[in-house]
Amino acid sequence: MEEVIRAVHCINDPRTPSHVRRQAHDFCEAFKERDDSCSCAVAMLSSQADDVIRHFALHVLEHTIRTRWNSFDPSAMEGRRNCFLDIVATKMRDMATEKHFVKEKMAKLVAEVAKRLFPQRWPNLWEQLQQVWAIGDTQVELICLVLRSI
């Protein structure tokens with residue numbers, strides 16, 4: 001995971017030579033295809049991680065939804081869905097400190113799952129969103145962004 005973090009920082013550092021940036025980009029693209037990329041991405045969402053790393057982690061999760069979702073069995077889909085709701089509920093920073101681009105990416109992630117599962121495989125979507133909404137102001141903002149994206 002440390003290699004991925006270094007590669008993401010390398011990509012975003014304007015002082016990085018273009019050939020090194022390209023290698024870092026290729027490394028990150030290969031990382032997104034790994035079987036353990038989801039679990040690593042969730043780990044990268046720690047509150048100590050900087051905004052660029054958190055955004056990349058959400059991007060990895062979004063890539064998984066877009067490219068591998070149909071290969072998941074129903075229990076894996078439900079597990080991912082619950083994981084993403086848990087991220088909204090517990091891993092997002094306070095509304096005033098979380099960067100807008102991170103909030104937008106998180107909302108897009110939940111919305112993509114909702115589009116794929118609701119209503120057949122996620123009949124209690126509204127109830128679960130209301131439960132997350134009740135947690136606090138940050139979650140209210142995120143759920144509003146999710147609803148806008150659906």
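**Walking through the model**

Modeller: Let's start inside: threonine 64 counts as buried, at 1% relative accessibility. Keep in mind that this is a predicted model.

Biologist: Which helix does threonine 64 lie in?

Modeller: Helix H4, which covers residues 51–68.

Biologist: And what does threonine 64 touch, leaving out residues up to four places away in sequence?

Modeller: Ser37, Cys38, Trp69 and Phe72.

Biologist: Ser37 and Cys38 belong to H3, I see. How many residues of H3 are buried?

Modeller: Six of its eight, so H3 is mostly covered under the cut-off of 20% relative accessible area for buried residues. The six are Ser37, Cys38, Cys40, Ala41, Val42 and Met44.

Biologist: What covers the buried residues of H3?

Modeller: The cover includes helix H1 (2–12), H2, H4 and helix H5 (74–91).

Biologist: Let me step back to confidence. What is the mean pLDDT of the protein?

Modeller: The mean is 96, and 100% of the residues reach 70 or more.

Biologist: Which element has the lowest mean pLDDT, and which the highest?

Modeller: Helix H3 (residues 37–44) has the lowest, at 95, while helix H2 (residues 18–33) has the highest, at 98.

Biologist: Now the overall fold. How many helices and strands are there?

Modeller: Eight helices and zero strands. The radius of gyration is 16 Å, close to the 15 Å that the globule rule gives for 150 residues, so the protein is as compact as a globular protein of that length. Its C-alpha trace spans about 50 × 35 × 20 Å along the principal axes.

Biologist: What share of the residues is buried?

Modeller: Buried residues are 45% of the 150 in the protein. As for contacts with a separation of 6 or more, 65% of them join residues 24 or more positions apart.

Biologist: Take Trp133. Where does tryptophan 133 lie?

Modeller: In helix H7, residues 125–133.

Biologist: Changing topic: which peptide bond is cis?

Modeller: The one from phenylalanine 118 to proline 119, where omega is near 0°. Proline 119 sits in the loop between helix H6 (100–117) and H7. For background, most peptide bonds are trans.

Biologist: Last one, glutamate 141. Which helix does glutamate 141 lie in?

Modeller: Helix H8, residues 137–149. At 22% relative accessibility, glutamate 141 counts as partly exposed.

Biologist: What does glutamate 141 touch, again not counting residues up to four places away in sequence?

Modeller: Met95 and Lys103. Alanine 107 is 9.4 Å from glutamate 141, C-alpha to C-alpha, and these two are 34 residues apart in sequence.

Technical notes:
Residues numbered from 1 in each chain as written. Predicted model: local features only at pLDDT ≥ 70, side-chain atom pairs only at ≥ 80, totals over all residues. Heavy atoms only, no water. pLDDT = per-residue confidence, 0-100. Helix = DSSP H or I, 4+ residues; strand = E, 2+ residues; numbered from the N terminus. Rg over C-alpha atoms; globule rule 2.2 N^0.38 Å. Buried < 20%, exposed > 50% of the residue type's maximum accessible area, 1.4 Å probe, protein only. Contact = heavy atoms within 4.5 Å.
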